[in-house]
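I opened the notebook to record what I looked up in this structure. The entries follow in the order in which I made them.

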Amino acid sequence: MKAIIHTRYGPPEVLQLKEIPKPVPKDNEVLIKIYATTVNRTDCGFRSAEYFISRFFSGLFRPNNQTLGNEFAGEIETIGKAVKSFKPGDKVFGYNDITFGANAEYMTMAEEAYITTMPPSITYEEAAPITEGAHYALCDIRAAKIKSGQKVLVNGATGAIGSAAVQLITYFGAEVTAVCNTKNIALVKSLGARVVIDYTQQDFTKLDTTFDVVFDAVGKSSFGKCKPLLKKNGIYISTELGYMSQNPFLALITPLFGGKKVLFPLPSISKEDVEFLKELVVTKKFKPVIDRSYPLEQIIEATRYVETGEKTGNVVITVPHDR
Ligand SMILES: NC(=O)c1ccc[n+]([C@@H]2O[C@H](COP(=O)([O-])OP(=O)(O)OC[C@H]3O[C@@H](n4cnc5c(N)ncnc54)[C@H](OP(=O)(O)O)[C@@H]3O)[C@@H](O)[C@H]2O)c1
C-alpha cells in the first residue's frame with residue numbers, strides 16, 4: 001500500500017510517499033481503508049520533535065511510528081476474529097495519537113480504541129477532522145468546568161482547537177467572545193461567538209470586560225497579560241507552554257494561592273469522547289471547520305501550510321485508491 005513515512009525527525013521534507021506492506025489486523029483489530037485523514041499540529045509536533053519531550057513518546061533518536069496521521073475516516077475492509085462491534089463495510093472515523101498511521105491507504109485500529117461509526121450523511125472529508133482540535137478543546141473546557149451563564153474569551157478562535165472550542169463552549173451554554181482576524185469574523189460568528197474582536201484592530205488584553213475563563217487556543221498571550229481580564233476566581237488556559245514553559249509551572253503554583261489561576265491539563269481522549277463528538281455532529285451542534293484539502297501525495301505542501309500557523313480550522317488529506 002501507499003503510505004507517507006518519515007525515518008528521521010525534521011522539516012516537512014522528511015515525509016516520503018512509499019510503498020509499504022499492508023497491515024494485517026490482529027484478533028481484536030479492524031483493517032480500515034482510509035479515504036480521508038488530516039495533517040494537524042499534533043502530527044507536526046511529533047514529526048519535527050521541536051519540543052524534545054515529544055521524543056520520550058515517539059522515540060528518542062528516530063521515530064518509532066514512521067507513518068503519522070492521527071485522524072482518519074474510511075471503510076472497514078476486514079475484521080479480526082474477536083471483533084464484535086464492527087463489520088466489513090462500516091464507515092468509521094476516529095483518532096489515534098498512540099501509534100498514528102492514518103496518512104496511508106490502510107491502517108489497523110483496536111475495536112476498543114478511539115473509533116466509531118461515521119455520522120450518517122457526512123463525507124469522509126467531513127468526518128476525518130472531527131477529533132483532534134475538538135478533543136483538546138473538550139479537555140480544557142472540562143478542566144475549567146465551563147458552564148452555562150459564564151463568559152469565556154477564546155483567543156485564536158479560528159484554529160483547529162479554537163474553532164472547536166467556540167462551538168463546544170457555546171453548546172455548554174457559556175457566552176463566547178472570540179478573537180480572530182478580519183477575514184474570519186463572519187465565520188466565527190457562525191460558530192456561535194456572541195462578541196468578536198478583530199486582533200488586527202484591537203488588542204483583546206486591553207478590553208475593559210472580565211471573563212470567567214480566558215482560553216488562548218493558539219498560545220499567543222500570557223497569564224500576566226490576561227490577568228486583568230479575569231474575574232476574581234477566573235481561569236487562564238493556554239494550549240502552549242508559554243515563554244520559558246511558564247504555563248505548566250504557573251498551573252502548579254497559582255492554585256495554591258486562591259483567586260485567579262492557570263490550568264494546564266494534560267490532553268486525553270476516550271472512546272466516549274469520540275461518541276460524544278459524533279452526537280454533536282449528528283445534532284448539528286458541532287461541525288469541524290475545513291480550510292482546504294490536499295491529496296496524499298501532496299502531504300509536504302499540506303504540512304508546510306499547516307506550519308504557517310495560519311490555517312483556518314483543519315487541513316484534510318484525501319486518500320485516492322486505485323480501483
Ligand atoms: N505540540 C503539539 O503536539 C501540539 C498539538 C496540538 C496543538 N498544539 C498547539 O496548540 C495551538 C493551537 O493548535 P491549532 O491546531 O488549533 O492551531 P492552528 O489551527 O494552526 O491555528 C491557526 C489559527 O490561529 C490563528 N492565529 C494565529 N495568530 C494569531 C493571533 N496572534 N491571534 C489570534 N489568532 C491567531 C490564525 O488566524 P489568522 O490566520 O487569522 O491569523 C489561524 O486561524 C498551536 O499553538 C499548536 O502548536 C500543539
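Entry 1, terms and source. I call a residue buried under 20% relative accessible area, exposed over 50%, and partly exposed in between, with a 1.4 Å probe and protein chains only. I noted that this is a predicted model, in which local features need pLDDT of at least 70 and side-chain atom pairs count only at pLDDT 80 or more, while totals for chains, interfaces and linings use all residues. Residues are numbered from 1 along each chain as its sequence is written, and side-chain values use heavy atoms, with hydrogens and water left out.

I took helices (H or I, at least four residues) and strands (E, at least two) as DSSP runs, numbered from the N terminus. R8 sits in the loop between β1 (2-5) and β2 (16-19). Its relative accessible area is 52%, so R8 is exposed. With contact meaning heavy atoms within 4.5 Å, I found R8 in contact with V14 and P63, leaving aside its neighbours within four places in sequence. From R8 to A73, 65 residues apart in sequence, the C-alpha to C-alpha distance is 26 Å.

Is α4 mostly covered or mostly uncovered? Ten of the twelve residues of α4 are buried, and the helix is mostly covered. Among the buried residues are E132, H135, Y136 and D140. I checked the length as well, the expected span being 1.5 Å times one less than the number of residues.

K145 follows α4 and lies in the loop between α4 and β8 (151-155). Its phi is positive, about 50°, although K145 is not a glycine. K145 is exposed, at a relative accessible area of 63%. I found S245 in the loop between β12 (230-238) and α8 (246-257). S245 also is not a glycine, and its phi is positive, about 55°. At 37% relative accessible area, S245 is partly exposed.

The twelve residues of α9 (residues 271-282) should span 16 Å, and the end C-alpha atoms are 17 Å apart, which agrees. Which residues of α9 are buried? I listed D273, V274, L277, K278, L280 and V281. These cover an arc of only 160° around the axis, so they lie on the same side of α9; the arc is that of the directions from the helix axis to the C-beta atoms. They pack against β5 (91-95), β7 (115-117), α4 (132-143) and α5 (160-171). K284 follows α9 and has a positive phi, near 60°.

On a 1 Å grid over the protein atoms alone, a pocket is an open set of points where a 1.4 Å probe fits, with protein on both sides within 12 Å along at least five of seven lines, and lining residues have an atom within 4 Å of a point. The second largest pocket has a volume of about 370 Å³, the volume being the space filled by probe spheres set on the points. I counted 17 lining residues, and I122, V281, K284, F286 and K287 are the closest to the centre.

S293 belongs to strand β14 (residues 290-295). I recorded S293 as partly exposed, at 41% relative accessibility.
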